[in-house]
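Please read these notes with the structure open beside you. Each point takes up one part of the chain.

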Amino acid sequence: MNKLTKYILLVVVCVIIPSALVWNFLPSMLGDYPKVYSIVHRVTAIYITVVVTWLLISFANTFRSLGEHHNVPHQQYLNSFISVLKIVLIFIAVIVVIAIILNKDPSTLIAGLGAASAILMLAFQDTIKGLVAGIRLTSNNMLSIGDRITLPSASIDGIVEEIMLTTVKVRNFDNTIITISPQTLVDGSFQNWKGMKEKVGRKAVRKVFFDFRSIVAGEDGVVNLTRYREHMEEWLKKHHMVLKDNMILVHQLDATPTGLPLEFVFWLNTQDVLPFEHAISEIMEYAYAEANTYGLRIYQQFPEQ
């Protein structure tokens, strides 16, 4: 018997059973005192309603805490569904308590709320929208706790720490915490870096513009830019930070008024920011310096005198 089961049994024995016994023996104890019996009967009914509601909410919170150790998409919104369940339980409990006080049938009161449904929808519109948006995020596997997301319009660039019914909490890399509604994420456009995290390495793309006047053919008829491209591809294949099994490409792009762009495409075997940026700098510094060896000049626009 696990701890949760023991806890449930203990609560039932200590809270539910005594009140049920009082309820059962009330007619025999106070049957001769109608007014006292009516008052005690109603108070006991209210007590049982409140205790049962509290017990159900406690169980819901217990299951929610059990799900906090899992990070799969369908378990992340367990908190959201439990929040909705708690709202429904409290709502029903309030209706039942009012019905007991007024000595009315609870179903009659619930039926009478039909006319007020529009007001209730308006009052809980954020909750309803948050739940629907959360279901969309979950079902499409768009967001998970621990994902890094970027949303420039909301100044968000950090790790998702918590996903609730109406809010998503994100800790930015400067340790500031920003909360945003799931509806905003669904309606807008945010960048999720999960795909990069799941794969080995990180893609790097850089462009260098060369002066057209420095592109010439050698004595053997081979253009110096061609030799440079081939050399850089071979050099990249030997670099200790470059993934050999991924695409390594140095190729031309469309000519521009500011020179001929040469694009470097390769993957590095790290996703950490500092090693990645240091490796990029090292590779491109070599690319700049080696261009001069082949007689190539990198385009540079000088300011007018």
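How many residues apart are Glu-234 and Lys-237 in helix α10?

1. Glu-234 and Lys-237 are 3 residues apart in helix α10 (residues 224–238), so about one helical turn separates them. The model is a predicted one. In it, Glu-234 forms a salt bridge with Lys-237, and the closest N and O atoms are 3.6 Å apart. Glu-234 counts as partly exposed because its relative accessibility is 42%. Lys-237 is also partly exposed, with a relative accessible area of 38%; the range for this class runs between 20% and 50%.

2. The overall make-up of the chain comes next. The protein chain has 11 helices and 8 strands. It holds 305 residues, of which 32% count as buried. Among contacts with a separation of 6 or more, 59% are between residues 24 or more positions apart. The chain exposes about 18900 Å², and carbon and sulfur atoms supply 61% of this area.

3. Which strands stand at the edges of the open sheet? The sheet is formed by 3 strands in the order β6-β8-β7, with antiparallel pairing. The edge strands are β6 (202–210) and β7 (249–252); each has a single partner strand, so one side of each is left without a neighbour in the sheet. From one strand to the next, the twist averages 20 degrees. As background, strands of a sheet pair through backbone hydrogen bonds, either parallel or antiparallel.

4. Gln-252 stands opposite Leu-262 in β8.

5. Helix α11 (residues 273–293) lies across β6 and β8. The angle between α11 and β6 is about 25 degrees.

6. The segment after α11 contains Gln-300. Is Gln-300 buried or exposed? Gln-300 counts as exposed, because its relative accessibility is 55% and the cut-off for exposed is over 50%. Gln-300 and Phe-209 are 91 residues apart in sequence, while their C-alpha atoms are 8.4 Å apart in space.

7. Asp-157 is partly exposed, since its relative accessible area is 28%. Another joins the side chains of Glu-162 and Lys-169, with an N to O distance of 3.9 Å. Glu-162 counts as partly exposed at 31% relative accessibility. Lys-169 is partly exposed as well, with a relative accessible area of 28%.

8. Most residues other than glycine have a negative phi. Ser-155 has a positive value, near 55 degrees. Ser-155 is found in the loop between β1 (148–151) and β2 (156–163). With 53% relative accessibility, Ser-155 counts as exposed.

9. Where is Asn-175 placed? Asn-175 is in the loop between β3 (168–172) and β4 (177–180). Its phi is positive, near 70 degrees, in a residue other than glycine. At 55% relative accessibility, Asn-175 counts as exposed.

10. The last point concerns a nonpolar part of the surface. Which residues make the nonpolar surface patch of about 430 Å²? The patch is made by Ile-90, Val-94, Ile-98, Ile-101 and Leu-102. Ile-98 lies in helix α4, which covers residues 78–102. Ile-98 counts as partly exposed because its relative accessibility is 36%. A residue needs over 30% relative accessible area to be part of a patch, and Ile-98, at 36%, is above that cut-off.

How values were computed. Residues numbered from 1 in each chain as written. Predicted model: local features only at pLDDT ≥ 70, side-chain atom pairs only at ≥ 80, totals over all residues. Heavy atoms only, no water. Patch = residues over 30% accessible without salt bridge, like charges linked within 9 Å, V, L, I, M, F, W, Y side chains within 5 Å. Areas by Shrake-Rupley, 256 points an atom, 1.4 Å probe, with all protein chains shown as cover. Salt bridge = Lys/Arg side-chain N within 4 Å of Asp/Glu carboxyl O. Helix = DSSP H or I, 4+ residues; strand = E, 2+ residues; numbered from the N terminus. Buried < 20%, exposed > 50% of the residue type's maximum accessible area, 1.4 Å probe, protein only. Pairing = 2+ DSSP bridges. Axes fitted to C-alpha atoms, helices over the stretch in contact; angles between N-to-C directions. Contact = heavy atoms within 4.5 Å.
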